[in-house]
Amino acid sequence: MPPINANSSRRPLLRSLALTLAILIPSSLSAGTPPNKTVNLAVGSMPGNIVYLQIDLARALHYFEDAGIDVHIDSLRKGADAANDLLHHRVDFSANSIDHVITLGSAGGNLKMVASFTDLPTVTLVVRRDLRSQIRSIADLKGRRIGVTSFGSGTHVLLASILKKSGYSLNDVTVSSVGAGDSLISAMKQKQIDAALATDPTTIRLLMNGDASLLLDMVTFEETQRVFSGSYQFTGLLTRQDVIEHNPELVQKMVAVMVRANHYIATHSAAEIAAALPPDIVGDRYIYIKSLEHARPAFSRDGLVTPESIANNVQSLITFGSIQGGHAINPTTFYDMSFVKRAQSH
């Protein structure tokens, strides 16, 4: 019997192992395509909040995958928590309102908004239906109890500017933290508050159920002009300056996804948008579609942030007392639109 060659005995095993690995390795990798880049994104709200529709839509339509991004989304109950996660390098992107960029920037932060989601306040001031004959203007709010989502929130900040326009301040009303959704509606029904600042779908639910009526509808440009001059930057995609400097390709991909989502919102009906989203995001389809139709004017069509829209937000924060006035604040330090412009050119 010839001697056994150890090398020849291993060859069938090696061929079998190579075949197995070829099957297990994804075709995209074997073809030389790099794997998707993992990105951690914090969102300053639970899923389904209309002012962060771009995030839900991009995920549902697989825009992140198309861009080669494996996005891990952490939905938080407070916008401040998402912004702090970004500031402290726990994530590299967040979906937030611009006020976090401004307040943290004034304290030495380095956050930037790189794409706009909404460029109007997207907030509605509603009055308890049984008080509508008594509260017919902003001036009639003096001495009343007004609900906001939470103390220091965007709705609280906006209330200060709304009252100032009529010659009043927050000291002239009683502010209550009532949350949003069911908790705000319950506070209205139980007559714990006389008026409230709400966002959709809470606004539509209050109106459709007959629990409240409109006093100021800041989802449109015309109504926003009753308080501010021009647009008012609200929500968008944020990142840090160091991410922009060290990983501009990733920032470009994330921004391109948001611009694509903005375009989809601008070119599709509310019913089509609702159909593209998973049922757990939409909830009651009729309410969601009506809410989206109502809030639609506040969505940015192109993703661009303007100095005017930032200046109005800065002024509202000064009125509220979040930042100090009396010194020049350059609105352009809070955003970077170079990535949006490049995305639009492709």
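Student: Two strands pair if DSSP finds at least two bridges between them. Which residue in S7 stands opposite isoleucine 146?

Tutor: Valine 175 in S7 stands opposite isoleucine 146. The labels follow DSSP runs numbered from the N terminus, with helices (H or I) of at least four residues and strands (E) of at least two. Please note that this is a predicted model, in which local features need pLDDT of at least 70 and side-chain atom pairs count only at pLDDT 80 or more, while totals for chains, interfaces and linings use all residues. Residues are numbered from 1 along each chain as its sequence is written, and side-chain values use heavy atoms, with hydrogens and water left out.

Student: In what sense do S6 and S7 pair?

Tutor: Strand S6 (residues 145-148) pairs with S7 in the parallel sense, over 4 bridges. With helix H7 (residues 154-165) between them in the unit, S6 and S7 make a right-handed β-α-β unit. Right-handed means that, with the strands pointing away from the viewer, the path from the first strand over the helix to the second runs clockwise.

Student: In what order do the strands of the sheet with S6 and S7 come?

Tutor: The order is S7-S6-S8-S5-S9, an open sheet of 5 strands with mixed pairing. Strand S7 (174-177) and strand S9 (212-218) each have a single partner strand, so one side of each has no neighbour in the sheet. On average, neighbouring strands here are turned by 25° against each other, direction ignored. Such angles run from 0 to 180 degrees between N-to-C directions, with axes fitted to C-alpha atoms, for helices over the stretch in contact.

Student: How many bridges link S5 and S9?

Tutor: S5 (residues 123-128) and S9 are antiparallel and share 6 bridges. One of the pairs is valine 123 with methionine 218 in S9. Helix H8 (residues 182-189) packs on this sheet and touches S5, strand S8 (195-198) and S9, with its direction at about 165° to that of S8. Touching, or contact, means heavy atoms within 4.5 Å.

Student: And what about the order S2-S1-S3-S10-S4?

Tutor: That is also an open sheet with 5 strands and mixed pairing. Strand S2 (69-75) and strand S4 (111-116) are its edges, each pairing on one side only. Its neighbouring strands are turned by 30° on average, direction ignored. S4 and strand S10 (residues 235-240) run antiparallel, joined by 5 bridges, and alanine 115 has leucine 237 in S10 as its bridge partner. Helix H5 (residues 79-87) packs on the sheet at about 145° to S3, touching strand S1 (37-43), S2, strand S3 (93-97), S4 and S10.

Student: A new topic: is serine 309 buried or exposed?

Tutor: Serine 309 counts as buried because its relative accessibility is 1%. The cut-offs are under 20% relative accessible area for buried and over 50% for exposed, with partly exposed in between (1.4 Å probe, protein chains only). Serine 309 lies in helix H16 (residues 307-320) and touches Ser231, Tyr232 and Gln233, leaving aside residues up to four places away in sequence.

Student: What is the mean pLDDT of the protein chain?

Tutor: The mean is 89, and 88% of the residues reach 70 or more; pLDDT is the predictor's confidence in each residue, from 0 to 100.
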